[in-house]
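Grab a pencil and open the viewer. Try each exercise yourself before you read its solution.

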Amino acid sequence: MSAEVGVVFLAPAIVGVGLVAGAGFLAARGVGVLAGAAGDRMAARQTRGWAVADRIARIVADHRLLQDQIQRGQAQFGALISAGPALGEVPGTALDLGRGEQWAGQAEAMLAAAESRFRTEMAAARTRWVMNEVAAALDRLPKPAPVPGRPRAAAAAPAPSARVAESLQRVLGRMDGGVPPGQAKVLQKRAADALTAATETARLRLLDDLRYSVDQANEQVRRRQSTLRELAARLAGYTGPAVDGALAAISAAGADPDPDLPGLSSLVEAAVAATLAPMVRDYTRQALRESLEEIGCTVEEEFDTALGVNGLAHLRRDGWEDLAVRVRSRGEENAYYFNMVAPAGAVADDVAAIEHQWCSAVDKLLPALEAHGLQVTTTHRSEEGDPHVQNVDPARFPFERRRRDDRRRDQDQRRERKLPR
């Protein structure tokens, strides 16, 4: 390999672990992975911390889904449905584990009670709606001709038998609060139609048939909510426009009887990747600097910052006075390119030797980067033996050139002393 090489850092240990981990404050988890890749291994406490963070993330996701269901119930039934509970301040990523576990236990109990109350209220509200529908249907039937002198009786809601009323309550009480409003209304209408059947036997049979449809709707809700809960939990701990958009899409999917779950999963992964991208780039620059120093290279001052701000930084090794390797970052793709540079007008009589040293350094650099948790793909690598050096403005050459000037002065003085007089 000659003086030029290009590499792309895939960094799956940073992004991949975050995505695969599922629920949890993944931003904090990502930092843990980064620290681990750099050698700062965390043990049992970190594992416990992740478990607490996962538990909190699931509570946040469950609370969000319950709030969405309550809001849809209130939109349909108004004040018959109580407002949902507030979680209050959610413990942060740097939480005290004991306090975090205590908060999680209290929050889980509160959500369980709120969900139970919501189911009871929804069953009562749906029963009331069904009875009103039945009364309205009966009111639309042909009325007998009024009898002169006899006041017309006011229409009253029908009173089903105790057996029919009990069956109706059971069926409507089984319906999950997450059944989409449109689908719930269809099921409620079927219940109303069942009560208008000619005989009690027919009413009970129709309600029994409806129970099967409700169970099917509930199973669809459970599968959908389980997936949506996992997707929402992946985003716990992240902030930003991409995350807000993904959460809004998850919330909207809760009322969709047939949401695009694969599309939502891709949207969540993209949001997490976009949120982690700056962290990945920062860590890549840090790992690159540390790896270069580990293999004996000297990097210019503020190497990480220069790469992040200007997309340009330099390195060299002992003995490279007028030669350096320039590192260039390429946009957002986490790719870096290396080429040799020298000040314009410099005498590069040792380019071939330095090129060989740099090629040997690259062979050591790639495994060093992998040891830092980075997967590296080499995009191109020129052949050794035909070195190319890019001339740069001497004023912008990043390293002190005095040592080379001093060496030349010493060489000239020794040469003069050896000349015959």
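This is a predicted model: local features need pLDDT of at least 70, side-chain atom pairs count only at pLDDT 80 or more; totals for chains, interfaces and linings use all residues.

Residues are numbered from 1 along each chain as its sequence is written, and side-chain values use heavy atoms, leaving out hydrogens and water.

**Exercise 1.** Work out what kind of aromatic pair F338 and W358 form.

Step 1: Know the rule: rings of Phe, Tyr and Trp (its six-membered ring) pair if their centres lie within 6.5 Å; planes under 30 degrees apart are stacked, over 60 edge-to-face, and the rest tilted.
Step 2: The structure holds one such pair. Its centres are 5.8 Å apart with 45 degrees between the planes, so F338 and W358 are tilted.
Step 3: F338 sits in strand β5 (residues 335–343) and W358 in helix α11 (residues 351–371), so the pair ties together parts 20 residues apart in sequence. Helices (H or I, at least four residues) and strands (E, at least two) are DSSP runs, numbered from the N terminus.

**Exercise 2.** Is D176 buried or exposed?

Step 1: Find D176 in the loop between α5 (162–174) and α6 (181–195).
Step 2: Its relative accessible area is 5%, so D176 is buried (buried is under 20%, exposed over 50%, partly exposed in between; 1.4 Å probe, protein chains only).
Step 3: Leaving aside neighbours within four places in sequence, D176 has contacts (heavy atoms within 4.5 Å) including R119, R126 and N218.
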